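Here's a quick tour for anyone meeting this structure for the first time. Have a look at it below, then read on.

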Amino acid sequence: MESITKPGTIAAARAVAVRALAASKTYDDAGAEPVHALDRVSLDVCAGEMVALVGPSGCGKSTLLNLIGCVDLPSGGSVEVDGRATSDLGDDELTALRRDRIGTVFQFFNLLPAMTIAENVALPLVLQRCERAEIAARVRAALESVGIAEKANAFPSQVSGGQMQRAAVARATIHRPAIVLADEPTGNLDSHSGASVLQLLRAFADRGQAILMATHSSEAAAVCDRIVRMQDGQIVI
């Protein structure tokens, strides 16, 4: 694994949030050759660590994010989230793990257009059936932490792309997940907005959040503690 680490970063001293052990993924299509999207990938991401996953399109970054995000299961090896092997869990357990212990920031925001910014950010807590008063307090705090408290009652169409991505970061972190997966989080933003979102993600990592970010941006990768390069479904050594 190529690992570019900032001075003073000691990942081994932190709790492991996510672990992939020789994880592989093969897609079988009737009448066609199997596609080996991921080939024996091993990777740890620790609490308080921000890791960049880089490589050309089709190298396996999205497949790895899908396995860690409990969207899919490995064909071989294992993926553990918060100490639980995803292949050992049933559908209901996977749904609960994805809901409670994983947050995701998407390139295209994925905010629900008919809901206000505050309602979008509240969704993880609503799904956890938290009390209304707790939801309201935590949403206020989350929006303040990402600098868009004044946009709480606006709809996504009424705010900028950078503000939508700030809301997406708040939504991804409000339920205190074990891991935040960021898939090209600056890919649809201008340079100023992108830098602002990266600063937010960096701040969450510095406060103890584990973040795994797939990116093509060298500027985004430079903010991270480690850079992990992928090619042809493998981590490049």
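Let's start with helix α4: its buried residues are covered by, among others, α3 and α5, where contact means heavy atoms within 4.5 Å. Keep in mind that this is a predicted model, so local features need pLDDT of at least 70, side-chain atom pairs count only at pLDDT 80 or more, and totals for chains, interfaces and linings use all residues. Residues are numbered from 1 along each chain as its sequence is written, and side-chain values use heavy atoms, with hydrogens and water left out.

**Helix α4**

- α4 takes in residues 132-145, and its 14 residues reach 20 Å from first C-alpha to last, close to the 20 Å expected at 1.5 Å a residue; the expected span is 1.5 Å times one less than the number of residues.
- Helices (H or I, at least four residues) and strands (E, at least two) are DSSP runs, numbered from the N terminus.
- The buried residues of α4 are Ile135, Arg138, Val139, Ala142 and Leu143; buried means under 20% relative accessible area, exposed over 50% and partly exposed in between, with a 1.4 Å probe and protein chains only.
- Those buried residues fall within an arc of 135° seen down the axis of α4, so they line one face of the helix; the arc is that of the directions from the helix axis to the C-beta atoms.
- An α-helix has 3.6 residues a turn, so residues three or four places apart point the same way.
- Over on the other side of α4, you'll find Ala133, Arg140 and Glu144 exposed.
- After α4 comes Gly147, with a positive phi near 80°.

**The largest pocket**

- There's about 350 Å³ of space in the largest pocket.
- Its lining has 14 residues, with Ile102, Thr104, Pro124, Leu127 and Arg171 nearest the centre.
- α2 (91-101), β6 (102-105), α3 (117-127) and α5 (161-173) are the elements that each give two or more residues to this lining.
- A pocket here is an open set of points on a 1 Å grid over the protein atoms alone, where a 1.4 Å probe fits, with protein on both sides within 12 Å along at least five of seven lines; lining residues have an atom within 4 Å of a point.
- Grid points are joined across faces, edges and corners, and the volume is the space filled by probe spheres set on the points.

**Two buried residues**

- Thr116 sits in the loop between β6 and α3 and counts as buried at 10% relative accessibility.
- Ser24, in strand β1 (residues 16-27), is buried too, with a relative accessible area of 14%.
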